[in-house]
Amino acid sequence: MTRQGAAAALAAVLLALGVVGMLWRAEAVGEDAAAEVSEALRNLGSPGVVWGRLAVEEESPVGAWTPLGGIEVTIYPATAGLVAELESIRKSARGSAAQYESAAGRVQAALAAHQRRIDGLTQALGEGLVAEPPLVAKPRFAKAVPPAGTDAARAQGGTRKTGGAAAPSGASAEGAEASHPWRQKTDPAGLFAFDPVPSGDWLLVAVRVSAYSAEKLRAAPKPRQSSRTQNFLPRAAGPAKEAEFWVTRVRVVTGERVGLEITDRARWLVGPVR
């Protein structure tokens with residue numbers, strides 16, 4: 001065999017090995033979602049703080065940003081499988097109208113399944129997940145007081161706001177906190193704060209679900225139907241709600257405060273939900 005032939009054969013073998021390795025890694029990511037969640041929980045450590053603000057970024061560079069209050073913000077222990085699944089859903093939404101229509105619902109389903117795995121593990125392992133503090137301990141919703149001198153601090157105007165929007169008092173509020181300890185809503189200044197948060201890798205997801213405006217509904221293309229069948233077939237209902245998602249990876253460090261500025265221009269996905 002000539003040198004050129006040997007080199008070509010070696011390149012073919014290396015290429016084949018590389019493809020096999022890539023396929024194995026693709027299958028390995030998210031292969032065992034429960035194991036990934038268990039490892040992520042065990043890697044959490046001593047706490048830090050995550051706080052931030054959601055706002056509408058104005059066109060003028062010197063214009064004041066409009067805060068986005070009442071936005072639901074949730075943090076989840078991050079896993080490679082969850083991140084890959086969410087990114088796959090977002091990419092598929094560009095492929096067809098049907099994929100776009102279902103994308104928001106699929107994101108919600110993926111996050112709900114991830115949370116169920118977390119709940120199952122925390123119930124099974126209890127306080128043994130992390131040494132200090134226990135992951136299952138209810139977090140303190142401290143006053144969302146950002147560092148002095150920041151835009152968020154000036155936006156508060158010296159008033160004291162809680163990290164989440166004012167929750168209704170009574171059993172309903174207590175039930176909401178018990179159902180998910182790492183979820184709250186932004187306050188009227190657009191602020192949220194999770195304190196404490198065990199150190200480690202987290203995925204912060206903000207969601208706003210609102211009715212489609214009349215302008216958007218008028219602009220939406222209407223499905224064309226034959227005059228012969230339109231009186232007999234039920235009309236397809238238009239999307240009742242619009243879901244906007246913001247998704248951000250967060251690395252929490254022990255004893256440090258992680259601040260996030262999230263604007264309407266950084267929306268990760270927008271789609272209909274029914």
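## Aromatic pairs in a predicted model

Reader: How much accessible surface does the protein have, and what share belongs to carbon and sulfur atoms?
Author: This is a predicted model. Its accessible surface comes to about 16,100 Å². The share that belongs to carbon and sulfur atoms is 57%.

Reader: What part of the protein is buried?
Author: The protein has 274 residues. Buried means under 20% relative accessible area. By that cut-off, the buried share is 34%.

Reader: How many helices and strands are there?
Author: Both kinds of element are present in the protein. The count is seven helices and nine strands.

Reader: What share of the contacts with a separation of 6 or more joins residues 24 or more positions apart?
Author: Take the contacts in the protein with a separation of 6 or more. Residues 24 or more positions apart account for 78%.

Reader: How many aromatic pairs does the structure hold, and how is the pair of W182 and W202 arranged?
Author: The structure holds two aromatic pairs. In one, W182 and W202 sit 5.6 Å centre to centre, with 55° between the planes.

Reader: Which parts does the W182 and W202 pair tie together?
Author: W182 lies in the loop between α6 (171-179) and β4 (183-185). W202 belongs to strand β6 (residues 200-211). The pair therefore ties together parts 20 residues apart in sequence: that loop and β6.

Reader: Are W182 and W202 buried or exposed?
Author: Each tryptophan gets the label for under 20% relative accessible area. W182 and W202 are both buried.

How values were computed: Residues are numbered from 1 along each chain as its sequence is written. This is a predicted model: local features need pLDDT of at least 70, side-chain atom pairs count only at pLDDT 80 or more; totals for chains, interfaces and linings use all residues. Side-chain values use heavy atoms; hydrogens and water are left out. Helices (H or I, at least four residues) and strands (E, at least two) are DSSP runs, numbered from the N terminus. Buried means under 20% relative accessible area, exposed over 50%, partly exposed in between (1.4 Å probe, protein chains only). Contact means heavy atoms within 4.5 Å. Accessible areas come from the Shrake-Rupley method with a 1.4 Å probe; for residues, only the protein chains shown count as cover. Rings of Phe, Tyr and Trp (its six-membered ring) pair if their centres lie within 6.5 Å; planes under 30 degrees apart count as stacked, over 60 as edge-to-face and the rest as tilted.
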